[in-house]
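Student: I would like to learn how to read a protein model, one feature after another. Where do we begin?

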Amino acid sequence: MSNFGISRRLNGPGFSLDYDVPSFVYWLLAIGIILLVVFTFIYIIKWYKYILVPFVGYNDQSLKGFQLIAKSRELMVGHRWELFVMQLSFFWWGLLTLITLGLAGFYTIPYMVLTLAGYFDVLNDAQNKQSHLDDSNEQKKIQPIILQPSNQI
């Protein structure tokens, strides 16, 4: 037996097998698990950035492609944690759907999607109101008067 790995022994009825598992296999497994966790975390962050794309597209059908994505990102700035907590509150409903083999999904899934649509409406209305306030504030600002010297004496 070599000393570079972990030694295993399989015993069964009528056979016996000794083998070594090289240590690099365990390192590859550990690195794979770490990469899986990191990329899952990145995926979840990106998913929450782009989750409102279908609602933005339905609300403003003139937007296409990257404009939809940009609008969804713009709406979700500072609101990803709120949405995560809101969706976390549906954990038990998801579990109920799994336990009933999808039967409860006829009630729970539309409710969750409509809740997300309502959240989009709140964010979109808040952004529209903020942009309207910004426009009115720009109009109310006092414009500087530029004095030009005159040649009249």
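**Reading the model**

Tutor: Helices (H or I, at least four residues) and strands (E, at least two) are DSSP runs, numbered from the N terminus. This is a predicted model, in which local features need pLDDT of at least 70 and side-chain atom pairs count only at pLDDT 80 or more, while totals for chains, interfaces and linings use all residues. Residues are numbered from 1 along each chain as its sequence is written, and side-chain values use heavy atoms, with hydrogens and water left out.

Student: Which pattern does the protein chain follow along the sequence?

Tutor: The pattern is β-β-α-α-α-α-α-α, that is, two strands and six helices.

Student: What should I know about a nonpolar core?

Tutor: In soluble globular proteins, nonpolar side chains tend to be buried together. A nonpolar core is a set of buried Ala, Val, Leu, Ile, Met, Phe, Trp, Tyr and Cys residues joined through side-chain atoms within 4.5 Å. Here the largest nonpolar core has 17 residues, and Leu-52, Val-56 and Leu-83 touch the most other members. Helices H2 (53-59), H3 (66-76), H4 (80-88) and H6 (105-140) each give two or more residues to this core, and H6 gives the most, with five.

Student: Which residues does Val-56 touch?

Tutor: Contact means heavy atoms within 4.5 Å. Leaving out residues up to four places away in sequence, Val-56 touches Leu-63, Leu-68, Lys-71, Ser-72, Leu-75 and Phe-120.

Student: How are aromatic pairs described?

Tutor: A pair of aromatic rings is described by the distance of the centres and the angle of the planes. Rings of Phe, Tyr and Trp (its six-membered ring) pair if their centres lie within 6.5 Å; planes under 30 degrees apart count as stacked, over 60 as edge-to-face and the rest as tilted. The structure holds ten such pairs. Tyr-48 and Phe-84 are edge-to-face, at 6.1 Å centre to centre and 80° between the planes. Tyr-48 in helix H1 and Phe-84 in helix H4 are 36 residues apart, and their pair links distant parts of the chain.

Student: Which cluster do ring pairs form?

Tutor: Trp-47, Tyr-48, Trp-81 and Phe-84 are linked into a cluster by ring pairs.

Technical notes:
Buried < 20%, exposed > 50% of the residue type's maximum accessible area, 1.4 Å probe, protein only.
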